[in-house]
Amino acid sequence: MWDSNAPLQLLKSMPKKLGKEHLEKIQMVIDADKYKNSLISGFDLCGMYAPFCRDCKKTSIYPCALAYVNMKKNEGMDVEIDAKPLLKQEEVRAERAESVKSEVVEETAAAVVEEGAEPVEIAPPEEEIRKEEHVEKRKIRIAVARKKLF
């Protein structure tokens with residue numbers, strides 16, 4: 001069902017340490033074949049397309065490529081992923097926002113300690129307050145359309 005030759009040939013032509021761009025190419029090759037087989041089958045084959053699908057972590061940017069490379073490593077192929085864990089963009093943004101927020105809190109706490117003043121609780125940024133207000137004001141409107149019989 002799946003074309004095991006195309007990703008293997010591509011992987012053999014790559015260096016021993018795979019970067020983000022190499023994983024992207026492997027992902028594209030696997031996705032193209034998976035899409036073709038999904039069209040033939042009539043349903044999405046994600047999660048059951050190939051033997052490496054059982055080890056797939058869908059939280060990464062290139063889930064098929066990572067699962068495939070890890071499968072090949074377990075089979076004894078000398079290949080290594082030279083990248084941080086590749087996460088989805090939302091997770092990367094959340095991590096960055098959390099690190100920036102913790103840096104601001106640490107800097108503020110250090111400034112308070114230096115001045116000798118009592119610690120003060122820091123209010124959330126205005127953006128977060130606006131978001132919370134916006135969420136509270138949301139309303140859902142549901143309409144039902146009916147066909148006239150006459």
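**Helix packing**

Mentor: This is a predicted model. Helices α1 and α2 are roughly antiparallel to each other, because an angle over 145 degrees counts as such.

Trainee: At what angle do the axes of α1 and α2 cross, and within what distance do they come?

Mentor: They cross at roughly 165° and come within 9 Å. Helix α1 covers residues 5-12, and α2 covers residues 20-41.

Trainee: Is that crossing left-handed or right-handed?

Mentor: The crossing of α1 and α2 is right-handed.

Trainee: Which residues make the contact?

Mentor: From α1, A6, P7, L10 and L11. From α2, K25, I26, V29 and I30. By class, seven of these contact residues are nonpolar, none is polar and one is charged.

Trainee: Next pair. How do the axes of α2 and α3 cross?

Mentor: At roughly 105°, coming within 8 Å. Helix α3 spans residues 63-74.

Trainee: Switching topic. Where is F43?

Mentor: F43 lies in the loop between α2 and α3.

Trainee: How exposed is F43?

Mentor: Partly exposed, because its relative accessible area is 43%.

Trainee: What is F43 in contact with, leaving aside neighbours within four places in sequence?

Mentor: S38 and M48.

Definitions and conventions. Residues are numbered from 1 along each chain as its sequence is written. This is a predicted model: local features need pLDDT of at least 70, side-chain atom pairs count only at pLDDT 80 or more; totals for chains, interfaces and linings use all residues. Side-chain values use heavy atoms; hydrogens and water are left out. Axes are lines fitted to C-alpha atoms, for helices over the stretch in contact, and angles run from 0 to 180 degrees between N-to-C directions. Helices (H or I, at least four residues) and strands (E, at least two) are DSSP runs, numbered from the N terminus. Angles under 35 degrees count as roughly parallel, over 145 as roughly antiparallel, 65 to 115 as roughly perpendicular and the rest as oblique. A crossing is left-handed if the near helix is turned anticlockwise from the far one by less than a right angle, and right-handed if clockwise. Contact means heavy atoms within 4.5 Å. Ala, Val, Leu, Ile, Met, Phe, Trp, Tyr, Cys and Pro count as nonpolar, Asp, Glu, Lys and Arg as charged, and the others, Gly among them, as polar. Buried means under 20% relative accessible area, exposed over 50%, partly exposed in between (1.4 Å probe, protein chains only).
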